[in-house]
Amino acid sequence: MLYSSQAVAKPYFIAAIALFAVQVLFGLLLGMQYIPVNLPFISFITFDAARLIHTNLLIMWLLFGFMGSIYYIIPEESEQELYNPKLAIQLFWVFLSLTIITFLGYLLLSYATFAKITGNQFFPTMGREYLEQPTIIKLGLFIVLCGFSYNIAMTVLHGRKGMINLLLLAGIVGTTIIFLMAFYNPSNLVVAKYYRWWLIHFWIEGTWELIMEAILAYVIYKITGDRKIVEKWLYIIVAVTLTTTILGIGHHYYWIGVSEYWQWVGTVFSIFEILPFFFMVLFVFNVVNCTKCQYSNKAVKLWALSTPIMAFLGAGVLGFLHTLAPVNYYSHGTQITSAHSHLAFYSTYVMIVLTMISYAMPILRNRKIVNGGLSQRFEILAFWLMTVSMFFMALFIAIAGIMQVYIQRATDLALPFIEIQNSLMILYWLRSIGGVVFLIGVIIYITKFLIAKSNNL
Amino acid sequence: MKILTKPKYIYYSSLIVFVFLLLGLTIHTMIVLPQQDHRENLTPQIIQGKLIWEEHNCIGCHTLLGEGAYFAPELSNVYERRGGSHGGTYFIKAWLKAMPTNIPSRRQMPQFNLTEDELNALIAFLKWTSEINNSSWPPSKKG
Amino acid sequence: MSQDISEIPDRKMAIIAESLYLLNLLILPGIAFLVLVWLFIKYDNISIGISGCHLRQTFSASIWVGLLLVLVTWVMLSTMNHDSPYTWMIIIPYFVICHSALVLLGIMGLAKALAGKKFHYPIIGPSS
């Protein structure tokens, strides 16, 4: 650790990992509700409540992970201490309490009660996918994001300005401003859906993607030690992201009731949305190749090299597949979407946060990395369990989706939704097994941190 | 030429060009939208229905215009699927009241205990949604 | 560092070969392959230099691409029942996984070519 204020990243990382485990646990419960086995520990919670926890905790812990990563990277890249480390810790506790309140609200109350208690009828913003948090929680989250942006901006503006930290700054300031869209929920459903995507799309395919690219570039720079070539690649990747992502939003506008030209705009720009991932794979294999580096932390290298490959498959290929308007006409709102979002979120955002944690945590905890040591072997095993099981989960869900589309939409003898679900049961079983393996991977991943102490030789 | 290869100019120019394109398309979309979404039919009852839809987290299981969860059927066309003006309202109301069915090994929908007014508002919202001109999606009546 | 790389002889040809392999997979199926065949015949494909290596590798890999993506898919399409969902549950994932794996290999080959290094396509490339 070059700067003592980088230590504020540690609680963020710990919270991120803990919430990740909870999120996966509820994901497994969701998967099991697809198979009608009425075990009490599965059906104690309704599907929609478990899904609220699964998706909302994902967003929260990824934000924790990003914040931790950025707090770690910024002092080093700006070559000075964080502007206000105290504020960073205070915001951590505020954000954690917001997350826990939201989690408990979803778990213990019915959603309608939760909406009533938090006064949703006065300013309705709840009940939209990914934006289910009560209005007051959204307000708190916005304040946390503002404080965070302020802290980072002051550090960056007073220090050395490089490609990586300016990109991170742009990413989080963009994230904060775009979050304002969460408070706009007009009573016309079509208009509400149109502007909801400004938030979801420009976070997940815009500013978050920029943050992800900057973190990846930072880790690769740390592995290879060659800043110049890393920045050259980052320049290309960011340029491609910016040019494709803004009008790529069109792929959300095919069937919500807006003008039909969005089908053309969305299709054309979404085809090119695969390019950033293409260049990311090219980048890591080109750069990690050129150096004769003997980087000691093997797990980081594994994470950093696999992230672009998996992102290319999950976000790139699976996204591309059903982004073309004529294909999307059949695949929209089926299990195919679910397959894409699982693999895309895991490969792009979960993996980049875990890459950063894998790089920064040993340094934050003053641990010496021992290759082949127990802790490293655990992490690599966890990597393979999680990545392979997620790959197969996405594959099984995608196959279920193809079957669903075929029976429900493509033939003349279209069957009702519920009738089809029984014929997909085998795939749902396989998917749940994938979920169990993934959870085992997460447990092993957490164990890695616990055993690190006894294994620091 | 050198100025063009500087990252920040490339970024600024692409951002400006595409943000303006997006804003232009958005303005045009919003101008022609009233012909697509039939907002002249929006009544306070339908707006109340949307709030009920949101406050009971219906997208936690269902999809509406394809967005939501994939655990239960698409509902943007449920009004037509269940009979439209010939009994659609009656069917959906009876359905919501009969939940949960408690049929073994079938997914269960919770009982939301909506009042008669709330049920009417929710169904009015679903009826309005089914009339949105959205390029005839979903491809099949079954959703 | 970049100067060292660009001085490697035949690096350009290696990059062209890998790019043609990717173009054949992504936007110009067939046409890019014909260009690659022409380059393979016309230029050195025996030497131990990187251009020879990449030409041999991409030529062989492209033939595999044809076999795996065109021939196998065509055989499956013509022998399986189009009215069964199981046909599509097999063919679509097969094609997608196969295609993206081949593209990823091509990207790695291109990354190595850009770095002025040799690359060996696992299984589908000749061993030397």
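Q: How many residue pairs are in polar contact across the interface of chain A and chain C?
A: This is a predicted model, where local features need pLDDT of at least 70, side-chain atom pairs count only at pLDDT 80 or more, and totals for chains, interfaces and linings use all residues. A polar contact is a pair of N or O atoms within 3.5 Å; within protein, one must be able to donate a hydrogen and the other to accept it, and residues adjacent in sequence count only if both atoms are side-chain atoms. With both residues at pLDDT 80 or more, the number of such pairs between chain A and chain C is 3.

Q: Which element gives the most residues to the side of chain A that touches chain C?
A: Helices (H or I, at least four residues) and strands (E, at least two) are DSSP runs, numbered from the N terminus. Elements giving two or more residues to this side are α11 (275–290), α12 (298–321) and α15 (374–410) of chain A. The top contributor, with 7 residues, is α11(A).

Q: What area do chain A and chain C bury between them?
A: Buried area is the accessible area (1.4 Å probe) that two parts lose on being put together, summed over both. Here 83% of it lies on carbon and sulfur atoms. The total is about 2,100 Å².

Q: How many residues of chain A are in contact with chain B?
A: Let's turn to the other interface, taking contact as heavy atoms within 4.5 Å. Chain B brings 61 residues to it, and the area buried between chain B and chain A is about 5,800 Å². On the chain A side, the number of residues in contact is 75.

Q: Which residue of chain A forms a salt bridge with E67(B)?
A: A salt bridge is a side-chain nitrogen of Lys or Arg within 4 Å of a carboxyl oxygen of Asp or Glu. Between chain B and chain A there are 2 salt bridges. In the one made by E67(B), the closest N and O atoms are 3.0 Å apart, and the partner is K193(A).

Technical notes:
Residues numbered from 1 in each chain as written. Chains lettered and ligands numbered in written order. Heavy atoms only, no water.
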